[in-house]
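This briefing sets out selected features of a structural model, grouped by topic. Please consult the sequence and structure shown here alongside the text.

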Amino acid sequence: MEISLFDAAAQGLMNLMQFKVLFALLVGVSIGTFTAVAPQGIGMPLVYAMLLPVVIKWEPLTGIALLIGASSVSAICAAYLPVLFGIPGGGGSQATVLDGYPMGKRGEARRALGASFMAGGMGCLIGTLTLVLAIPAARPLIYLMGSPELFVVMLWGLSMVAVLSGRRPVKGLIAAAFGLLLATVGQQAQSGVMRFVFDQPYLLDGISISIIALALFGIPSALDLALTRLGVEQQPAPLKGSLFDGVKDSLREWWLVVRCSFVGVWVGIVPGLGSQVVDWLAYGHAAQTCKGARESFGKGDVRGVIAPESANDAKDGGDLITTLLLGFPQGVVTALFIVALLAWGFLPGPEMVKKNPELIYSIVWIQGIAGIIGTLVGFVLSGQLAKLAELRYTFMVPILFLFILMGAFSVNRDPVDLFVVVSFGILGYFMRRFGYPRPAMILGLVLGDLMEKYLYRSMMAYGFSWLLRPAVVVLLVLAMASFVLTLRGRLKGGEGGGVSLGRRDGGS
Amino acid sequence: MKKHIPGEPTLLSEYMPGAGGIKAVNHIYKNVRPDGLTVGNVGGGLVSNAVLGEAGVLYDFNKLIYLGSPHSHYHWVFMTRRESALGSLEALRGASGVRIGAQSVGHSVYIVGRLFAYLMGLKEPKFVVGYSGPEVDLALARGEVDARINNADTLLKRNPEWLAKGVIDLHAIMEVPKGAKHPDFARLSEVEEFARSEKERKVLTMLRAFRQVGSPYILPPGTPKEQVNILQQAIAKTFNDPGFRSEYKKLTGDDATPLLPDEMDRSIKELPREREIVELFKKIAGAGPLPPR
């Protein structure tokens, strides 16, 4: 007998009211928090892989509480590394470094963390709410975007180079082009051709974006501390701002949070985009639309923290829409979650929506509750974590290098990655020194692979006729308008304006 | 497996990503001490990558020691979207430029799809690649591609409504090993029925062998016979253990169809090695146009 969605939602909540389920949720939240606070490499895929053989022997709801509790919190608590040390967080929190770290250096680490946790919590709730609303009609959302439409969206994303280049458009283009070039390293999926591999098995899969981002931002930050001989908050600036100021910032910028959360949900829903683009798309959207962003973004504008963090946390809701309602995994973590559901006898997809709606709502409730707990945990921890920024450079520099090397090594467990992270770190140091914007290079790297894939698929499936598809035309017009407006604003701003992401004083 | 090895040693697993398993096999072949203490478990590309001379292969698959594989039965079905109006073999052969979706050049779904298209005599089929598995389903559903091949069990699990609602038309099946009927698709033509020559049948045999080795457990060459025997017996006992079979079903959703070392060795030995067959296979599996028949 089928039950109404309201009854299913109520039943889903009631099913959670068991001590063991709530306890498992708290354990999951603790694991997720530890994962976020520990060195970058302990990612959620590893945690899921370790937990899976254990939890599939439990009752489904208890196991689900543990898994979802862990994964939903890890994103909320991921901002402390970029804010305090200038090291990009895991996938989805990398763009936070652009404004988070300058805030930390200005003595506003607590405010940045407060804004990040609050925006993350709000994003998580918006993502969860969207999941609830999507349950009756998820399929059309996912079928809406074909390869041609996705290519135009990626092209739109690439136009953000204009924003990320600040006052140095030529250097921005060079950096972005280098990023696009790096994205071509490895075996080309469409033709099987090896590009820039030089017979090295290491290069067959290309170079990991995580490693390059870690190197480009992390190593120059650590070198900066070593060379200035000061801790992050020992810069000649007074400590100011509290966690509560950050909370107020996020509440005041609620409309930005909502917009970026929808960016996050959308990235989560569309198969194949993933967490590597979510923070950059949200950051670019904020940089293009926020008032005064040209002057302040990249120099420690709290909106540059709020945008990526809200999008990253909302993405989990989007991920679950595709995972639960269509049975399509959106990455390693959701693929492992599907394995767990299969082991418990549930088949994610339309059948599960029909047969087990109360379980889907239980997952929704767990996601929402874990988001709230995660935000609170973030607040409690951040007071203590922020003190790390006051440590002397003699303590911090070796620890930072250790974090960076461990983070790089943990991506593939390959010693060659250590050499690569150091090499790109040196490159990042000189890029910053000579004013080449590193975010533009990361953007080229992140979008290059996706753009090539979508363009190839569009050409093979439709020839040039894909250019005439109505949705493509609309998106192209919007992208062009946005690019022209950005460029015009930049030209009007002249020398005085522009995001200074390539300079020493910002975006470290 | 632990309880079937004397002394019940603790087993640790280490994940080694890279180059579709080539890196892990290279490591087992070149770097690991042949003392039976390190066992590799790699994907089915182990044999095909070596036979086809893929870049990065630094091992001789004939010298590796095989312990067996938990899964050796596969069924691939070729399907078209009903809205594409390609419901019969005549319609398929009559249409030019049928768009067939797959993951990437070299992926098993791509290779099997190309072989179906070649043997069924499709006219200038276009292969649209760059998707993940579920993305190919989406592309098929929204008409971005007209056809795809997929594992029969995956189709039943992921899109049962496609069969119930008549969203797709099924045309043929490939059974691995030959003759292993799938209970739900036994009525479909086996792809070998479309082969016109001994050469084409050998190419099919080669592909079946590549798939049949599944995800084998391997030891480096030179491992002492005693250790090999202990591990081969332990694997055989594990595969026959009802606890293993139920756990396998629970984790993968599939029934285990083990391949023991003797059968695996036989399958590898019987693999066609003639240069002519390898070259034809490479052309079919490659990125260029399909070769003339």
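At what angle do helix H6 (residues 96–105) of chain A and helix H17 (residues 303–326) of chain A pack, and how far apart are their axes? In this predicted model, the angle between H6(A) and H17(A) is about 140°, and the axes lie 8 Å apart. Because angles over 145 degrees would count as roughly antiparallel, H6(A) is classed as oblique to H17(A).

**The packing of H6(A) and H17(A)**

- The crossing in which H6(A) passes H17(A) is left-handed.
- On the H6(A) side, the contact is formed by A:Thr96, A:Leu98, A:Asp99, A:Gly100 and A:Met103.
- H17(A) contributes A:Gly304, A:Val305, A:Pro308 and A:Glu309 to this contact.
- Sorted by class, the residues that join H6(A) to H17(A) are four nonpolar, three polar and two charged.

**Chain A as a whole**

- Chain A contains 24 helices and two strands.
- Of the 508 residues in chain A, 59% are buried.
- Among contacts in chain A with a separation of 6 or more, 82% link residues 24 or more positions apart.

**Helix H4 of chain B**

- Helix H4 of chain B covers residues 108–120, and its 13 residues should span 18 Å at 1.5 Å a residue.
- H4(B) is largely enclosed by the rest of the structure, because 12 of its 13 residues are buried.
- The buried residues of H4(B) are B:Ser108, B:Val109, B:Tyr110, B:Ile111, B:Val112, B:Gly113, B:Arg114, B:Leu115, B:Phe116, B:Ala117, B:Tyr118 and B:Leu119.
- Just after H4(B), B:Gly121 adopts a positive phi of about 75°.

**The contact between chains A and B**

- Chain B supplies 33 residues to the contact, and chain A supplies 32 residues.
- On the side of chain B that touches chain A, at least two residues each come from helix H1 (22–31), strand S5 (126–129), helix H5 (133–141), helix H6 (152–158) and helix H10 (242–252) of chain B.
- H5(B) gives the most to this side of chain B, with four residues.
- By class, the residues of chain B on the side that touches chain A comprise 14 nonpolar, nine polar and 10 charged.

Conventions:
Residues numbered from 1 in each chain as written. Chains lettered and ligands numbered in written order. Predicted model: local features only at pLDDT ≥ 70, side-chain atom pairs only at ≥ 80, totals over all residues. Expected span 1.5 Å × (residues − 1). Buried ≥ 20, exposed ≤ 12 C-beta atoms within 10 Å, placed from the backbone. Contact = placed C-beta atoms within 7 Å. Axes fitted to C-alpha atoms, helices over the stretch in contact; angles between N-to-C directions. Parallel < 35°, antiparallel > 145°, perpendicular 65-115°, else oblique. Left-handed = near helix turned anticlockwise from the far one by under 90°. Nonpolar A, V, L, I, M, F, W, Y, C, P; charged D, E, K, R; others polar.
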